[in-house]
Amino acid sequence: MNSILDFITENQQMIYMVILMIFVGIELIGKVPTILHTPLMSGANAIHGVVIIGAIIVMGEADTMGAKVLGFLAVLLGTLNVVGGFVVTDRMLQMFKKKK
Amino acid sequence: MENNLLVLSYLIGSVTFIIGLKMLGKPDSARKGNLVAAFGMAVAIFGTIFLYKTTDGKHLHNLEWIFGGLILGSVIGTLAAKRVQMTAMPQMVSLFNGMGGACAMLISIIEFGHLGEILNAANIPTQEIMGGAMNEFVQTIQAALMASVRVKLLIIFAGLIIGAISFAGSMIAWGKLDDKIKDFTLPAQQVVNIGLLLVILVLAGLFIAGTVSGAWVFYLVLALSLLYGVLFVFPIGGADMPVVISLLNSFTGVAAACGGFLYDNQVMLLGGILVGSAGTILTVVMCKAMNRSLTNVLIGNFGGNKSGGGEGKTVQGTIKEVNAADAAMLMKYSKKVIIVPGYGLAVAQAQHTCHELEELLEKEGVEVKYAIHPVAGRMPGHMNVLLAESNVPYDKLLEMEEINPEFASTDVVLVIGANDVVNPAARTDKDSPIYGMPILDVDNAQHIIVMKRGMNAGYAGIENELFFDPKTSMLFGDAKKTLLALVSEMKNS
């Protein structure tokens with residue numbers, strides 16, 4: 001029990017942020033027209049590509065060959081997620097800019 | 001200074017994610033919103049590469065590897081995203097999502113290796129050198145170390161399990177949408193799935209608590225999580241894939257947030273949680289558009305193998321066929337035509353021909369509108385994107401609630417490759433798997449022309465009594481070929 005309370009105290013900033021972000025996420029998506037569901041999902045998909053920052057850190061600290069290879073793969077896959085995600089979203093949205 | 005700049009770059013990243021996501025929710029600002037988020041992502045990435053310092057105060061090394069991965073990934077990602085057909089968009093999103101999940105999974109694997117090294121280094125001297133009074137002191141330090149290691153392990157396991165499920169699940173979803181993988185259900189699938197998930201959680205829990213040890217546990221959990229991801233998506237029908245992709249999308253968000261915890265990295269935490277939460281809400285909203293609950297989608301097994309046996313009542317009756325010339329004539333002398341596009345239109349890449357037909361009809365003085373069901377195609381908004389691609393004006397695309405009252409005053413409804421979204425059984429037949437789903441009330445119109453490849457059932461695998469309606473005429477054939485025939489008939493007559 002004590003260890004749980006300690007954990008909360010030590011990481012309170014993180015926990016606050018998590019809770020607030022959950023509400024921000026809910027608010028942002030609350031009322032969105034159906035036509036934008038697919039681009040929105042795709043855009044959100046690109047944003048979680050932020051995981052690539054973890055991959056970069058892992059890669060930058062890697063010393064052994066094994067860690068380097070895995071790290072390289074992680075950076076590569078993360079980049080695919082980020083770049084591919086944003087480009088695909090842009091392509092979808094490009095089509096909406098037409099005369100209204 | 002450098003550290004301050006890094007913090008600033010993460011702050012910029014975080015704010016652009018929130019603003020970008022907000023702007024993505026409105027048609028006018030959506031495209032800009034995407035670019036805003038992409039800009040913030042670039043700032044955060046380059047900030048990390050050049051400004052991040054490890055705990056011993058050193059900059060990141062292996063820059064050539066990092067840039068190698070970034071450049072290679074950018075080239076492949078851009079090419080794939082630019083080349084993909086608009087119809088294959090859902091698969092592409094799923095594929096990219098899987099890449100993100102795999103990335104989170106790999107990070108966990110590498111960090112687990114690091115943790116092992118730290119533990120080994122900490123363990124050896126305590127046994128050999130220390131003795132007597134020092135022992136107690138060492139034990140306290142060890143206990144503190146173990147506590148922090150446990151927290152780290154918890155995060156690593158969470159990232160591993162969620163990332164692996166998201167990766168494997170997305171790959172299956174991609175294969176299903178691409179028609180590479182057929183629906184498949186194990187006997188007692190749900191029991192197997194829940195059991196498997198329990199085994200994964202118990203194993204991970206025991207390992208973190210220190211009850212079981214050995215690296216094999218970690219890799220077993222990895223393997224089982226991958227297997228779970230596969231089994232989780234396998235039985236879900238293709239029509240529900242968008243919902244599943246959206247759900248897996250939010251999973252990957254949570255996996256990314258685990259990385260944020262691990263490295264005490266605000267932008268990862270914020271971006272990950274934001275997507276996790278927004279993705280979950282989006283999933284629920286998508287389910288609502290189909291008038292179904294999330295549990296129903298995940299456990300309901302709708303449209304999978306069961307459908308072959310004839311769920312719901314079978315419809316008897318005769319169907320009436322029509323040829324392109326008569327259909328063209330009928331539309332040409334109507335006042336008002338509503339086009340209902342479905343997945344068949346997307347598969348046949350017939351959106352441009354469809355637009356051509358629409359223009360020809362307008363030239364003859366016919367009022368033409370499009371009725372877009374929220375789940376027409378394979379993803380909400382799929383049809384809008386396709387038709388927008390072929391320059392159909394925005395205001396001609398009407399959503400279900402707007403267009404439904406108009407069918408009664410419509411002369412001809414042209415259904416192109418849609419099936420379940422116009423099936424009256426959703427209103428009338430309580431036994432039907434799609435009962436309760438809101439549909440387009442096309443049967444209120446004077447005439448209905450249904451373009452279809454054959455008499456096969458739709459994705460839900462059920463018969464459609466609309467086809468047997470006396471007002472309905474069937475126009476069989478590939479959507480594009482038939483539309484081309486209609487266009488040439490229209491021009492010739």
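A residue is called buried if 20 or more other C-beta atoms lie within 10 Å of its own. Keep that cut-off in mind, and remember throughout that this is a predicted model.

**Stop 1: a helix under cover**

Select residues 241-263 of chain B, which make up helix H8. Is H8(B) mostly covered or mostly open? It's mostly covered, with 22 of its 23 residues buried. You can check its length as well: at 1.5 Å a residue, its 23 residues should span 33 Å, and the end C-alpha atoms are 33 Å apart, so the two agree. Now step just past the end of H8(B) to Asp264(B), where phi is positive, at about 55°.

**Stop 2: all of chain B**

Zoom out to show chain B on its own. Its C-alpha trace spans about 100 × 50 × 35 Å along the principal axes. Colour by secondary structure and look for 17 helices and six strands. Of the 493 residues in this chain, 50% are buried. Consider contacts in chain B with a separation of 6 or more: 79% of them link residues 24 or more positions apart.

**Stop 3: the sheet**

Next, pick out the strands of chain B. Six of them form an open sheet with parallel pairing, and you can walk across it in the order S3-S2-S1-S4-S5-S6. At the edges you'll find strand S3 (397-399) and strand S6 (472-476) of chain B, each pairing on one side only. On average, neighbouring strands here are turned by 25° against each other, direction ignored.

- Helix H13 (residues 351-363) of chain B lies across strands S1 (336-341), S2 (367-372) and S4, and runs at about 175° to S1(B).
- Helix H14 (residues 382-389) of chain B lies across S1, S2 and S3 of that chain, and runs at about 145° to S2(B).

**Stop 4**

Which residue in S5(B) is the bridge partner of Leu414(B)? That's Ile449(B). Leaving aside neighbours within four places in sequence, Leu414(B) is in contact with Ile449(B) and also with Met331(B), Val337(B), Ile339(B), Val340(B) and Met451(B).

Leu414(B) also belongs to the largest nonpolar core, a group of 185 residues. Along with Cys103(B), Val340(B) and Val415(B), Leu414(B) touches the most other members of that core. Which helix gives the core its largest share? Select residues 134-177 of chain B: this is helix H5, and it supplies 17 residues.

**Stop 5: where the chains meet**

Bring chain A back. The contact takes 76 residues from chain A and 95 residues from chain B. On the chain A side, the elements giving two or more residues are helices H1 (2-10), H2 (12-29), H3 (37-47), H4 (52-61) and H5 (65-94). H5(A) provides the largest share of that side, at 27 residues. By class, the side of chain A that touches chain B has 48 nonpolar, 20 polar and eight charged residues.

Not counting residues up to four places away in sequence, Trp65(B) touches Met59(A), Lys68(A), Gly71(A) and Phe72(A). Is Trp65(B) buried or partly exposed? With 19 other C-beta atoms within 10 Å, Trp65(B) is partly exposed.

Technical notes
Residues are numbered from 1 along each chain as its sequence is written. Chains are lettered from A and ligands numbered from 1 in the order in which they are written. This is a predicted model: local features need pLDDT of at least 70, side-chain atom pairs count only at pLDDT 80 or more; totals for chains, interfaces and linings use all residues. Two residues are in contact if their C-beta atoms, placed from the backbone, lie within 7 Å. Helices (H or I, at least four residues) and strands (E, at least two) are DSSP runs, numbered from the N terminus. Ala, Val, Leu, Ile, Met, Phe, Trp, Tyr, Cys and Pro count as nonpolar, Asp, Glu, Lys and Arg as charged, and the others, Gly among them, as polar. A residue is buried if 20 or more other C-beta atoms lie within 10 Å of its own, exposed if 12 or fewer, and partly exposed in between; C-beta atoms are placed from the backbone. A nonpolar core is a set of buried Ala, Val, Leu, Ile, Met, Phe, Trp, Tyr and Cys residues joined through C-beta atoms within 7 Å. The expected span of a helix is 1.5 Å times one less than its number of residues. Two strands pair if DSSP finds at least two bridges between them. Axes are lines fitted to C-alpha atoms, for helices over the stretch in contact, and angles run from 0 to 180 degrees between N-to-C directions.
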